[in-house]
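Thanks, everyone. Let me put the structure up, and then we will walk through it.

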Amino acid sequence: MARLNYNGIDLPPFVRIVKIKNPIHPPISLVTNAIAGRPGSFYFGQNISERTIEITLVISSATKADLPAAKRALVDWLFYDEPVPLILPSEPDKYYMAKVSGETDLDQMLNTGRGTVTFICPDPFAYSITEKNFNFVAGSPLTVTNSGGIETYPQLHFEFTGSTTEFAIISSDDEYLYFGQPASVDTQTPTTKRTKVLDDPCSSIAGYTAGIGVDGGVVAGSLTSDGTAIKASDYGSGSIWHGPAGVKSLGQQIQDFTVQVEAGFKSGYGYQVGRLEVYLLDVNNAVIGKIAIRDSDAGIDNPYMEARAGNLSTGRTFVNYTGPVGHWKQFNGPIRITRIGNRWEFSCSRRASNGNLYSSFTYAFIDKDNQYTQKLAGIQIHFGTHGTRSAVSTNYIEQIQIWNEKTLSSIEVPYVFEPGDMLDIDCAAGTITKTSNGNQEAFYYQMDPGSSFLSLEKGDNTISVYPSDIITNSYVKFRERWL
């Protein structure tokens, strides 16, 4: 017989279920508005609240003295920081995302204890244990069957074998996702928009020259690489910000560019401080911009992101973003700055253990007076700490990539996808990523504003893609769900 299972672990054998209270459906409240003098009310939809599941348990131990240890073991089984899958014995093919809430009091008698555990499901739906997967066939619409009780939201994956300036995904109920723009066959020319000019795996510090100076501090100490990342070998000393820096030349000058570093910035203790900075340099090693993550708070682990156009004295800092306290702590992922024309854009994302990006942040600045137009010719990386403060324990860069963002003429239209590119869309989480040449980035800026994330209604759904003859190894996957 199936047992209660929480986060993949069965209920301990010394615990027995007495009763499970799981309502037929979560609380549903109608949104209505009554008008004076008019019978009844106007209906404006409904709200579905969180689900509450109550489970009455009995704990048994060999002796009365063993009961406290059994209770501790049950607490260990129950406690998680976030909602995790809960599988009830009556439905072993479904799970709820649940979190223990409130107090659990036990009525103790000799070597047994009885109590009720309350699980709260912020997401009130039940999900299928088995994930469905449907593969696209080039040239044909895809029929997807949702046998669940209500609509659900899929994940879509596409791998491209050809180049295109536009790509559309359309569902049978006219929801669509559209990327890029059309190219007229008689008046416009499709073209590659960007070329990579630097891809440094940070396996060595060869090619880096001495640092030229850092904001509000001094260059001290030295850089090193462990074969996978560049970091500070030591920070030297100083009464203000101090630490090593190194300069790398591109060997050319670029007007429009994207600079991205794959970085890690993690404190071991709240009192640690530090910064990781990437300076943009012109042909004379003058600073024309900067991106950084830094933690100046010696009390708590609270880093913030920074981006600037221009130098420290006359530049424009257009990102100085912390978010909720601790939002960027224990950070690893890409940090990026782009300038195309007079538009500067900063973005960063966390990278999950499976390589996917999440918790993305993007902000743009228009240099309407064209003050910050110097060409990019190199970069300087810098790791720092302040005075005698303990430095952030994990602070590294494991990849540096720079692209030349081609300025297109009026008759040129850029390819939105090229051979080898991959597109991943999570319609439940609302995330879109593009992988090109091994580099994954959040990919919203080339999506048509009228696009919406697709839902799969109960029953058969048709999904079409255009053009359909340039994709391979592409699929839609989802979990069915019930109210």
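**A loop to start with**

Q330 is found in the loop between strand 29 (316–321) and strand 30 (331–340). A word on terms: helices (H or I, at least four residues) and strands (E, at least two) are DSSP runs, numbered from the N terminus. Q330 is not a glycine, yet its phi is positive, about 55°. Most residues other than glycine have a negative phi, and most peptide bonds are trans. Q330 counts as partly exposed, because its relative accessibility is 36%. The cut-offs: buried means under 20% relative accessible area, exposed over 50%, and partly exposed in between, with a 1.4 Å probe and protein chains only.

Before going on, the ground rules. This is a predicted model, where local features need pLDDT of at least 70, side-chain atom pairs count only at pLDDT 80 or more, and totals for chains, interfaces and linings use all residues. Residues are numbered from 1 along each chain as its sequence is written, and side-chain values use heavy atoms, with hydrogens and water left out.

**The whole chain**

How many helices and strands are there in the protein chain? One helix and 41 strands. The C-alpha trace spans about 80 × 65 × 55 Å along its principal axes. Of the 483 residues, 44% are buried. Now contacts, meaning heavy atoms within 4.5 Å. Take those between residues at least 6 apart in sequence: 69% of them join residues at least 24 apart. The accessible surface comes to about 22900 Å², and 50% of that belongs to carbon and sulfur atoms. Those areas come from the Shrake-Rupley method with a 1.4 Å probe; for residues, only the protein chains shown count as cover.

**A covered strand**

Next, strand 26, residues 274–281. Is it buried or exposed? Eight of its eight residues are buried. G274, L276, V278 and L280 point one way. R275, E277, Y279 and L281 point the other way. In a regular strand the side chains alternate between the two faces of the sheet.

Strand 26 has partners. Two strands pair if DSSP finds at least two bridges between them. With strand 27 (residues 287–295), strand 26 pairs antiparallel over eight bridges. With strand 33 (residues 376–386), the pairing is also antiparallel, over seven bridges. V278 stands opposite I291 in strand 27, and opposite I381 in strand 33. Strands 26 and 27 form a hairpin with five residues between them, where N285 takes a positive phi near 65°.

Strand 15 (residues 166–171) joins strand 16 through five bridges, running antiparallel. A168 stands opposite Y178 there. The loop between strands 15 and 16 holds D174. D174 is not a glycine, but its phi is positive, about 70°. D174 counts as exposed because its relative accessibility is 64%.

Which kind of peptide bond runs from Y466 to P467? It is cis, with omega near -10°.

**A second hairpin**

Strand 21 (residues 222–225) and strand 22 (residues 230–234) pair antiparallel over four bridges. L223 has A232 as its bridge partner. Four residues lie between the strands of this hairpin, and G227 in the turn has a positive phi of about 100°. Strand 22 also joins strand 34 (residues 394–405), antiparallel, through two bridges. In that pairing, K231 stands opposite Y396.

**One last residue**

M97 lies in strand 8 (residues 94–101). It is partly exposed, with a relative accessible area of 24%. Leaving aside neighbours within four places in sequence, the contacts of M97 include P83, I120 and C121. That's the tour.
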